[in-house]
Amino acid sequence: MQLNQRFALMDLFPIARGARREFFRNFLMQVYFTFVQSIPMAAFIGFLFGILCSYQISQSLSFLGSQNHIYQLLVIVVFRELIPLTAALLLIARSVSAVATELATNKVQREIDAYEIMGINIYKFLLAPRIWGGTISMVSVAMILWAACLLGSWLSLNSSKNLPLPIFINGIASQINMIDILIFFSKTGLTGFVVFGLACHRGLQLDGAAFQIPQVTTKAIVDSITIALIIQVSITALYYAVSTGGFQ
Amino acid sequence: MITPKQILKIKNLTAATPLGPLGATAPVNLTLHSGEVGIFLNDRECRKLFRTIIGQGKLLTGNIDFLDNNSRNITANDKDAGFLLKNVGFGFRDLGLISNRTILENVDLPARYHNYYKKGSSDSHLAKAALTELGVPRKYWDKRPPHVAISIRKRALLARAIVLRPPLLLLDEPTALVESPMLPELLSWIDSLKDKGFAILIACTDYPFAGAAADWVVDPDSNKITTSEEYMDPAWTKSGALLKDLSNRLVMR
């Protein structure tokens, strides 16, 4: 069944008091399910990721004889590229699929129908909190991943090279500049916004039959992975295009 | 006693709805006043009419006017949520409760979303009154729909339809999922709504219930409006003949 309501950009910003209150309630629930509940998993994955990356980088650099580039590589490769991508893949597998399934199930159970009949704007009530909650969560999960990754990297380097923590932190801090931070946030924020928007779109596309729910979910996941990769590559390409004065 | 006033007037209506064309055999004509109950025994046609009334159908011919002093054409207002909210309460047949909210939150949702409570008020008195009116025991209020019996869910759906006290109620199969001993209770509830001035349009396939509750019935065979007396008369309608046959069989047993 087609939706009766039509999307308007302002639906992403509920203003009326009742709608705003429900928006924040749903927003906080989304952040809880997407970010808070995924902290242990993100921390664990980030920690292992840190151990693995620092070990590999360290081994490769010692082979090349340029050990002092380890911080630079950790920032460029891990912080700017791998962490946003890992966060995106993690949340696509964990939450984008859940959002698409939930909305598709809502449609089958006629809950979407009920919202429309009660005069509730589903874009303000269901979609906006999920999209904003998903975006904030994507950025936050990426930050947790990075923090845990740093811890893993330091433990790995400390065990092999006896590297004190303050020196390690100083080394990383000296390599991170505003552009890196901007790229990190734009990649995670934009990916979060787009993939959660896509999950909502796919979930609401369901025609009303329960057997289509897995199809809708799979579509949402595959599309989200593709879009996430395109966003990551585009931002990196844009950065290099701007910083080198065009594609060489 | 409330003076009856015209709540809904439908004239020569045909429409394209998500469920199919409405009025394909004959256009729909009806007038519903406050304190009146009209029942469609052709439930599929009635669901299409419900869809059209709540703005989910495209009017092809005719018009729908709400409230005698405030006539509005549904096509011009089909996306006006505020209008629907103030004028129409919709009682779903079975599905439609929000599964991640409690029974009380479900009934309270329209009131909260549309700001019917004063700032700082958190007692949900509108929802509690509706649930009490429908006889939903307090112990179920904080449970989620999948964790309560289907008859409680049904009562919650009906409570949500009346929570904002709209003048027009559309009830889709109110007798479905209701246990037989609860039917007199349901009839009393409908009578009490009539006394309070609600105009009620019902889609129903329960013939005896229709005979007991309706002021007029749309006969499924002729698609014409009959008074409840005519409807019960076997000489007038097939439905009447069916009811007569049922009562004869009961007597014979």
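How many salt bridges does the count come to over all chains?

Author: Happy to. This is a predicted model, where local features need pLDDT of at least 70 and side-chain atom pairs count only at pLDDT 80 or more, while totals for chains, interfaces and linings use all residues. Residues are numbered from 1 along each chain as its sequence is written, chains are lettered from A and ligands numbered from 1 in written order, and side-chain values use heavy atoms, with hydrogens and water left out.

The tally is 16 salt bridges over all chains (a side-chain nitrogen of Lys or Arg within 4 Å of a carboxyl oxygen of Asp or Glu). Let's take some of them in turn.

Start with Arg47(B) and Asp172(B), whose closest N and O atoms are 2.9 Å apart. Arg47(B) belongs to helix α1 of chain B (residues 43–53) and Asp172(B) to strand β7 of chain B (residues 168–172), so this bridge ties together parts that are 125 residues apart in sequence (helices, H or I, at least four residues, and strands, E, at least two, are DSSP runs numbered from the N terminus). Arg47(B) is partly exposed at 21% relative accessibility, but Asp172(B) is buried at 3% (buried is under 20%, exposed over 50%, partly exposed in between; 1.4 Å probe, protein chains only).

Next up, Arg155(B) makes a salt bridge with Glu185(B), at 3.2 Å from N to O. This one links distant parts of the chain too: Arg155(B) is in helix α5 of chain B (residues 150–162) and Glu185(B) in helix α6 of chain B (residues 183–195), 30 residues apart.

Asp215(B) comes out partly exposed, with a relative accessible area of 27%.

Last, have a look at where chain A comes in: Arg110(A), Asp113(A) and Arg51(B) are joined into one network by salt bridges that share partners.
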